[in-house]
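Welcome, and thanks for taking a look at this one with me. Please have the sequence and the model open side by side while you go through the points below.

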Amino acid sequence: MILNPEMSRFVYDIPTKVYFGPDQLGNLGPELAKYGKKVLMTYGGGSIKKNGLYDRAVEEIKKAGLELFELSGIDPNPRVSSVNAGADICKKEGIDVILAVGGGSTIDCSKLIGAAAFYDGDAWDLITGKGEITDCIPIVSILTIAATGAEMDCFAVISNDITEDKLEASHPSMLPKVTFMDPTVTYSVGKFQTACGSADIMSHILETYFVPDGNSMYMLDRFMEGMMKTVIRYAPVAMEHPDDYEARANLMWTSSWAINGLVAGLQKVSWSCHSIEHELSAYYDITHGLGLAIVTPRWMRHVLDHTTVDRFVEYGVNVFGIDSKLPNMEIAEKSIELTEDFFFNKLGLSSTLTEIGIGDEKIPLMAEKACHGMDALPGYKALTPADFEAILRECL
């Protein structure tokens, strides 16, 4: 691909401070104290209490002389009801800083909580555009799983049970100020969640890698290919040997750089697979990475033709080592087969929607909503509702 000068303008500004590696939580109290005295700690289920992370965080907060408030029970696909509950605490107690302890769901929820604290209405307004995000209470995160990259971006994806929507909001102020990333914390993450997290990371890179002509840079392409090779190499290792520090560290750091804005600087199109998966998890509450694994190869097959084949050739040759002397279409098809092999065999994830109990009853509705009101969603290849419907049916 030839870089188009007119498409090469971007701004990269990621001021998140990262403490990476074991035994860094001694810095938690001083970092939180920079933003005030009152801390709202957010988390999901009981895993952080079982592995001791909760006690360690509380210890550091108390050691710094800070006042602690809590919001627990944040769901894997975070609900706007949790956002509103957290925002109410922030307003009532005058919270100065939010400490999100968990994965992408907890961090995303915390970001919108911080933004909703500056808004008088329902937090859902900030997602639909009825309300405007103007500021956010400072966010500090302790990451517990390598997956979404929420620890180093300014996006939040939230679900609404009433409207059955899963939508995204973003604002520069929602970018975490500080993130603690200790790969040893992820030793307790089971095989399924490790697999789903790895599929999520892979999807973030693929959605950025497959862009129209003029939207790619040689340096970024090779960086993305290196990250994909990292996930392919280390995800199976982490699943079989959960306390392998090298594997966990590589996955954790890749999760951040896959979506922190570096590789997406030139991207001017929508993410097609995420648009589909958000509808699946909005209606069926499935694990995000699992949905992406099922959708991605079908999307690949749907968009592959003589106008798009060159990018698949780069992908196949540079990521999977396919012989470059083979015919282009053969390389492309082989690259999709190897992507399926990674998701469904190496990671052991379900390969169809039918396997996880999803039928075709909502496919037309999901396909329509995936276009977000447009005749066609711009992407590597523009997709209409009919295209989305065909992809979803190929996933059954």
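1. Some terms to begin with: axes are lines fitted to C-alpha atoms, for helices over the stretch in contact, and angles run from 0 to 180 degrees between N-to-C directions. Helices (H or I, at least four residues) and strands (E, at least two) are DSSP runs, numbered from the N terminus. This is a predicted model, where local features need pLDDT of at least 70 and side-chain atom pairs count only at pLDDT 80 or more, while totals for chains, interfaces and linings use all residues. Residues are numbered from 1 along each chain as its sequence is written, and side-chain values use heavy atoms, with hydrogens and water left out.

2. Let's start with a helix pair. Helix α8 (residues 218-240) packs against helix α12 (residues 309-320) at an angle of about 55°, and their axes are 9 Å apart.

3. Which residues of α8 meet α12? On the α8 side they are D221, R222, E225, M228, K229 and I232, and they meet R311, E314, Y315, N318, V319 and F320 in α12; contact means heavy atoms within 4.5 Å. The residues of this contact comprise six charged, five nonpolar and one polar. Here Asp, Glu, Lys and Arg count as charged, Ala, Val, Leu, Ile, Met, Phe, Trp, Tyr, Cys and Pro as nonpolar, and the others, Gly among them, as polar.

4. Now a second pair. The axes of helix α7 (residues 191-209) and helix α11 (residues 288-303) come within 7 Å and cross at roughly 45°. The residues of the contact of α7 with α11 include F192 and L206 in α7 and H288 and M300 in α11. By class, this contact has eight nonpolar, four polar and one charged residues.

5. Not counting residues up to four places away in sequence, T254 touches I201, I205, M227, T230 and V231.

6. Finally, a strand. Six of the six residues of strand β4 (residues 97-102) are buried, so β4 is largely enclosed by the rest of the structure. V97, L99 and V101 point one way, and I98, A100 and G102 the other way.

Terms used:
Buried < 20%, exposed > 50% of the residue type's maximum accessible area, 1.4 Å probe, protein only.
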